[in-house]
Amino acid sequence: MSHAKCAETFFPAAFWSHGSPWMCSKQSASSEYWREFGKQASAHGVKGLVFIGAHWEELDDRIRVATKEKPKIAQMDLIPRSYWENYKINIDLGLARRVIQLLRDNDFGDVEEDPTFDWHDDTVTPSTWMFPEGTPPATVVSLNARFNSTFHARIGNALSQLRKEGILLCGTGGAVHNLYRNNWVPLFAKGDNFQLGSKPAKWAIEFEKSGPKLAGALIRLTQSPWYKDAHPTDDHFYPLIVIGGAVAEENTKGKKTAQTWELQHMCNNQFVWGSWSNELMC
């Protein structure tokens, strides 16, 4: 059966392993890819940016969406201020309320604006490389610590419509992210976060090999014997599941576009689903 092409296109979705705050100030394979991705987004007329942030995990029963119009930048105090202090974050109340309405329309009853949320390095780091002059119209969506991986995949599915409207959906977190087992000594002794030549532990290597799949496969990865070594808490993995939910109906696999290891055992993989030439099929 043949399909006619629609004029409507849809944007790629991405998962950014943001790494340590030092990733904001140091060039790497990841920063080079973020820079190129941002250029492509701008060239294709990006209308907005929605982050699902690893550093925002609500503890009650609600999902919250950022509406603070002049957010501060937190958790960057160890990085020279010239890299982030004057970075322009363009919060868009209309986009935030569009996100809230999509979630409510898809049976997420407890969703509300948060006019107090400040941005952290998980969103600031990739943003400064993608859009050095300031973000496009933007907002951030929280996770919720009370709910499981399936719940978070449903969030992505509810927001998938935004990709047909010129909006970038980007999850932030880490491919392998265990702060308790990272090697911090070279960083604080001589500023070496990349630690080139050091060998990651087996648990980090094995989990990294799992790679990006669709939402169902990502959910199954939470049962991996290496999962709790790679992610002792869910907050840096669940944004990947949200993005998996946003692309689940496309029957496509994510592509690993860049990799940067830090602190010996922390793996920063960058994943993208789709391409800039995506076209909807009628």
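**View 1. The axes of H2 and H4 come within 9 Å and cross at roughly 115°.** Axes are lines fitted to C-alpha atoms, for helices over the stretch in contact, with angles from 0 to 180 degrees between N-to-C directions. The crossing of H2 past H4 is right-handed. Right-handed means that the near helix is turned clockwise from the far one by less than a right angle, left-handed anticlockwise. On the H2 side, Val-99, Leu-102 and Leu-103 make the contact. H4 contributes Ile-155, Ala-158 and Leu-159. Contact means heavy atoms within 4.5 Å. This is a predicted model: local features need pLDDT of at least 70, side-chain atom pairs count only at pLDDT 80 or more, and totals for chains, interfaces and linings use all residues. Residues are numbered from 1 along each chain as its sequence is written, and side-chain values use heavy atoms, without hydrogens or water.

**View 2. The buried residues of helix H2 are Leu-95, Ala-96, Val-99, Ile-100, Leu-102 and Leu-103.** They span an arc of only 160° around the axis, so they sit on the same side of H2. The arc is taken from the directions from the helix axis to the C-beta atoms. Buried means under 20% relative accessible area, exposed over 50%, partly exposed in between (1.4 Å probe, protein chains only). An α-helix has 3.6 residues a turn, so residues three or four places apart point the same way. Among the elements covering these buried residues are strands S3 (48-58) and S6 (138-144), and helix H4 (149-159). Helices (H or I, at least four residues) and strands (E, at least two) are DSSP runs, numbered from the N terminus.

**View 3. Asp-92 caps the N-terminal end of H2.** One of its side-chain oxygens lies 2.9 Å from the backbone nitrogen of Gly-94. After H2 comes Asp-107, with a positive phi near 70°.

**View 4. Asn-268 sits in strand S9 (residues 266-273).** Its relative accessible area is 0%, so Asn-268 is buried. Its side chain makes a polar contact of 2.9 Å with that of Glu-262. A polar contact is a pair of N or O atoms within 3.5 Å; within protein, one must be able to donate a hydrogen and the other to accept it, and residues adjacent in sequence count only if both atoms are side-chain atoms. Leaving aside residues up to four places away in sequence, Asn-268 touches residues including Ser-17, Met-23 and Thr-260.

**View 5. Leu-263 lies in the loop between strand S8 (255-262) and S9.** Leu-263 is not a glycine, yet its phi is positive, about 50°. Leu-263 has 0% relative accessibility, so it counts as buried. Gln-264 lies in the loop between S8 and S9. Phi of Gln-264 is positive, near 70°. Gln-264 counts as buried at 19% relative accessibility.
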